[in-house]
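Please read the following report with the sequence and the model side by side.

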Amino acid sequence: MTADAAAITALPLARRTWFVRLLQVAVLASFVVAWEVLGQIGVLDKFYYSRPSLFIPRIAGWFAEGFTPSSIWNDIRVTLTETVLGFVIGTLLGVGIGYAFARNRLLGQAFDPLLSMFNAIPRLVLAPVFILAFGIDLASKVALGVTLVFFIVFFATFTAVRDVDQTLVDNVRVLGARGRDVTRHVLLPAAFSAIVASLRTSAGFAFAGAVVAEYIGSNAGVGRRIATAEAFFDSTGVFGGIVLIALLALVLDALLQVVEAAFSRWKPRRES
C-alpha cells in the first residue's frame, strides 16, 4: 500500500466526500418520508400540507406542457433572467461604489448615515414600492434584486479595501506605482477573496428577491405560479413550486461553488 493510499484510508468518515453525500441524502429522504407518513395517517392535514408523493407528478406535468407563454419553462426563464440581471447589476454597483467609498474617506463618511439607514430596512418590504414605481414587469424584480445584492457586495468590498495594510500601499508607491497600478495590483487582489465569498450569499438573495416580487405581482415567473396556486387553495401546486425553487437554488449554489473554488485555489484548505 502506497503512502497516499494509506493516508486516504486513514481519513475519518466525516472527511470522506462519499459519506457526507450519503448522509445528506439520508437526512433529506428521512424528512420526505416523515412528511409523507404523517400526511397519510392524518397528523398533517392533506388540504393544507399536501404530500410529497403528489409533488413530483405535479412538477412533471408542468414540464410536460411544452414551451408556451404560460408554461413552467417560460416561468423559469423569467425568474432566472430577473435573478441574473439583479445579481450582475448589484455586484457591479457594489464593487464600484464600495471601492470608491473605501478609497475616499470623506465620501464614505458623508454617505455613511444614508447607507446605514437603507441597510437597516428589510429590502423585501420594498417589493411593493418597486412594483408601484416600475410596474409588474421585469424592471421591478430586477430593482429589488439589485438592492438585495448591492449592500452585501458593497460592505464586503468596502471592508476588504479599507483593511488593506497601508504600509503595503506606501511601499508600492515608493517603487513608482501610479494610482491605477495600486488599484489593479494591490487593492483589488486583496479584496477579491472577500468579494467572491459574498457572491454566493448575494446570488441567493437575488433569486429570493425575484421570487418574492413575482409572488406579490407579476405576469410570469415561478413566484407567480405559486401565488396562482395559493389563490385556488391548491396546496400541491404551492409546495410543488416551493420544491422547484429549492432545486433551482441548489443548482445556482452549486455553480457558484464551482466559480468560488476556481478563484480560490490559492487559499489553504481548512483542516477539520
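## Two loop residues with positive phi

Phenylalanine 233 is found in the loop that runs between α11 (222–231) and α12. The model that contains this residue is a predicted one, and in it phenylalanine 233 has a positive phi of about 55 degrees although it is not a glycine. As a general point, most residues other than glycine have a negative phi. Phenylalanine 233 counts as exposed because its relative accessibility, 63%, is over the cut-off of 50%.

Serine 50 also has a positive phi, near 50 degrees, and is likewise a residue other than glycine. The loop that holds serine 50 lies between α3 (46–49) and α4. Is serine 50 buried or exposed? With a relative accessibility of 3%, serine 50 counts as buried, because the cut-off for that class is under 20%.

## The chain as a whole

The chain holds 12 helices and zero strands, so that, read from the N terminus on, its elements run α-α-α-α-α-α-α-α-α-α-α-α. Of its 272 residues, 35% count as buried. When the contacts with a separation of 6 or more are considered, residues 24 or more positions apart account for 70% of them.

## Serine 235 in helix α12

Serine 235 has its place in helix α12, which spans residues 235–262. Serine 235 is buried, because its relative accessible area of 12% falls under the 20% cut-off.

Helices α2 (17–40), α4 (52–63) and α12 each supply at least two residues of the lining, and the largest share, six residues, comes from α12. What is the lining of the second largest pocket by class? It has 16 nonpolar residues, with no polar and no charged residues.

Glycine 94 is found in helix α5, where it counts as buried because its relative accessibility is 0%, under the 20% cut-off. Not counting residues up to four places away in sequence, glycine 94 touches Phe150, Val153, Phe154 and Thr157. The C-alpha atoms of glycine 94 and phenylalanine 158 are separated by 8.7 Å, while the two residues are 64 residues apart along the chain.

Threonine 79 lies in helix α5 as well, and at 1% relative accessibility threonine 79 counts as buried. With residues up to four places away in sequence again left out, threonine 79 touches Phe207, Ala210, Val211, Glu214, Gly221 and Val222.

The structure holds 15 aromatic pairs. One of them is formed by phenylalanine 63 and tryptophan 73, whose rings are edge-to-face, with 4.9 Å from centre to centre and 75 degrees between the planes. This pair links distant parts of the chain, since phenylalanine 63 belongs to helix α4 and tryptophan 73 to helix α5 (residues 72–103), and the two are 10 residues apart. Phenylalanine 63 counts as partly exposed at 27% relative accessibility, and tryptophan 73, with a relative accessible area of 35%, is partly exposed too.

A further edge-to-face pair is that of phenylalanine 101 and phenylalanine 154, with 5.7 Å from centre to centre and 90 degrees between the planes. This pair, too, links distant parts of the chain: phenylalanine 101 is in helix α5 and phenylalanine 154 in helix α8 (residues 138–162), 53 residues apart.

How values were computed: Residues are numbered from 1 along each chain as its sequence is written. This is a predicted model: local features need pLDDT of at least 70, side-chain atom pairs count only at pLDDT 80 or more; totals for chains, interfaces and linings use all residues. Side-chain values use heavy atoms; hydrogens and water are left out. Helices (H or I, at least four residues) and strands (E, at least two) are DSSP runs, numbered from the N terminus. Buried means under 20% relative accessible area, exposed over 50%, partly exposed in between (1.4 Å probe, protein chains only). Ala, Val, Leu, Ile, Met, Phe, Trp, Tyr, Cys and Pro count as nonpolar, Asp, Glu, Lys and Arg as charged, and the others, Gly among them, as polar. Rings of Phe, Tyr and Trp (its six-membered ring) pair if their centres lie within 6.5 Å; planes under 30 degrees apart count as stacked, over 60 as edge-to-face and the rest as tilted. Contact means heavy atoms within 4.5 Å.
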